[in-house]
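The tour below moves from one selection to the next and says what is to be found at each stop.

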Amino acid sequence: MTCPVPFETLVALWARELDDGDAVEEHLFACERCAATVAQLDRLLGGMLELIPPVVSHAQRDHLVQRGLTLQEQTFRPGDRGEAFFAPELDVYVFRLRADLATAQRVDLEIGTTSIRFEFEHVPFDAARGEVLVACQQHFKAFQQPNEPDPVFRVYVYEAGTRREVGSYTIKHVWP
Amino acid sequence: MTSTQVLEPSAVDERELCQMFAGRIRGYGLRHLRDAAAAEDLVQHVLVAVLQAVRAGKVENVASYVFGTCRFAVRDMQRAEARQRKIAEANRAVLPEDYEPPWPQVDRVRLEMCLLGLDARERSIVIATFAYDRDADEIGRAFDLSAGNVRVIRHRALTKLQTCVGGAA
């Protein structure tokens with residue numbers, strides 16, 4: 001057992017990738033220094049566990065409902081321009097982005113305005129339903145700059161090594 | 001106390017013992033149960049079991065005893081989630097007041113801002129690991145990277161995230 005336990009080892013412990021995880025865990029209970037180090041990572045990744053990822057699988061969407069969160073859902077088709085009204089009681093607004101994903105090996109999502117562009121690689125998707133579920137939340141309001149155009153969501157698929165856009169969706173976000 | 005000194009039960013009072021180990025138990029719970037509420041229940045359950053064992057004179061090394069109790073309790077909780085809720089309610093009545101040190105939570109919006117501040121590859125690997133629960137081999141295959149590369153990218157990303165949210169790695 002190396003003391004102090006390297007940060008990489010603590011990350012691997014969190015990712016459940018250590019063969020001798022129990023030995024590391026036991027040390028973390030006995031060593032003040034290492035306990036303090038892992039506590040910082042516990043806070044960070046404990047916070048990550050609470051986050052709802054920006055794109056959710058259908059199973060994760062069902063889990064949000066089981067947790068008692070209030071969801072609203074709206075379906076968008078490629079080329080759609082729509083509006084999402086975030087009523088105060090709403091926890092998560094799920095955008096069901098429809099696209100032809102039947103032969104997709106991988107799906108990426110890009111969310112962009114004029115000033116920002118975020119890309120999410122390898123997001124969960126349902127090939128049979130042709131759907132990507134975007135989980136938008138109340139506090140995303142903080143990311144919206146005043147007087148910016150409506151955010152555009154773009155879905156890309158990878159098939160046989162090539163990437164192509166299969167849908168673009170412009171969704172105006174309205175917070176009361 | 002030095003870093004890895006064996007802690008004998010007579011050396012600390014009960015509140016001190018709880019405050020010393022509550023965070024460590026919570027961290028263990030988060031790592032193994034992946035659920036904040038379940039980790040909170042684990043803290044109470046383990047502390048009650050440890051205090052009872054200390055009072056009965058059954059504990060020689062507190063840290064080892066706490067760790068062992070955590071292991072068994074987590075296995076039990078994974079088997080019987082509903083039963084555990086009832087146990088948690090009973091435990092709350094047994095523990096001393098102010099038994100837990102403060103657990104400052106990461107600011108959620110700040111964390112998301114920091115996550116969005118990573119490059120796309122780093123962000124996607126962190127989310128795949130901790131939100132979609134995919135291992136390094138699986139992520140590596142998806143991103144056409146070796147598992148070792150995934151771990152390096154993930155480690156660097158978490159170091160950046162930790163600095164961004166206000167702690168040093």
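Two strands are said to pair if DSSP finds at least two bridges between them, and the helices (H or I, at least four residues) and strands (E, at least two) named here are DSSP runs, numbered from the N terminus. This is a predicted model, in which local features need pLDDT of at least 70 and side-chain atom pairs count only at pLDDT 80 or more, while totals for chains, interfaces and linings use all residues. Residues are numbered from 1 along each chain as its sequence is written, chains are lettered from A and ligands numbered from 1 in the order in which they are written, and side-chain values use heavy atoms, with hydrogens and water left out.

**First stop: the five-stranded sheet of chain A**

Select E3, E9, E8, E5 and E6 of chain A, which in that order form an open sheet of five strands with mixed pairing. Strand E3 (81–85) and E6 of chain A stand at the edges, and because each has a single partner strand, one side of each is left without a neighbour in the sheet. On average, and with direction ignored, neighbouring strands of this sheet are turned by 25° against each other, where the axes are lines fitted to C-alpha atoms, for helices over the stretch in contact, and angles run from 0 to 180 degrees between N-to-C directions.

**Second stop: the four-stranded sheet of chain A**

Now select E1, E7, E4 and E2 of chain A, an open sheet of four strands in that order, again with mixed pairing. Its edges are strand E1 (55–56) and E2 of chain A, each with a single partner strand, so one side of each is left without a neighbour in the sheet.

Centre the view on strand E4 (residues 92–98) of chain A, where six of the seven residues are buried, buried meaning under 20% relative accessible area, exposed over 50% and partly exposed in between (1.4 Å probe, protein chains only). Which way does E4(A) run relative to strand E2 (residues 71–76) of chain A, parallel or antiparallel? The two run parallel and are joined by six bridges, with Gln72(A) opposite Tyr93(A) and Phe76(A) opposite Leu97(A). With strand E7 (residues 131–137) of chain A, E4(A) pairs in the antiparallel sense over seven bridges, and there Arg96(A) has Leu133(A) as its bridge partner.

Select H1(A), which is largely enclosed by the rest of the structure, because six of its eight residues are buried. The buried residues are Phe7(A), Leu10(A), Val11(A), Ala12(A), Leu13(A) and Trp14(A). They pack against helix H2 (21–30) and H3 of chain A, together with helix H1 (14–33), H6 and H8 of chain B. After H1(A) comes Arg16(A), whose phi is positive, near 60°.

Show both chains: 50 residues of chain A are in contact with 59 residues of chain B, contact meaning heavy atoms within 4.5 Å. Between them the chains bury about 5,100 Å², 62% of it on carbon and sulfur atoms, buried area being the accessible area (1.4 Å probe) that two parts lose on being put together, summed over both. Phe29(A), Arg43(A) and Leu44(A) supply 15% of the area that chain A buries against chain B, more than any other three residues.

Chain B itself has eight helices and zero strands, and 46% of its 169 residues count as buried. Select helix H6 (residues 120–130) of chain B, in which nine of 11 residues are buried. The partners of these buried residues are helix H1 (7–14), helix H3 (32–50) and strand E6 (117–120) of chain A, and helix H5 (108–117), helix H7 (136–143) and helix H8 (147–165) of chain B.

**Last stop: confidence**

Colour chain B by pLDDT, the predictor's confidence in each residue, from 0 to 100. The mean for chain B is 85, and 81% of its residues reach 70 or more. Among its elements, helix H4 (residues 81–92) of chain B has the lowest mean pLDDT (66) and H8(B) the highest (95). Where pLDDT is low, the predicted coordinates should not be read in detail. The model scores ipTM 0.85 and pTM 0.80.
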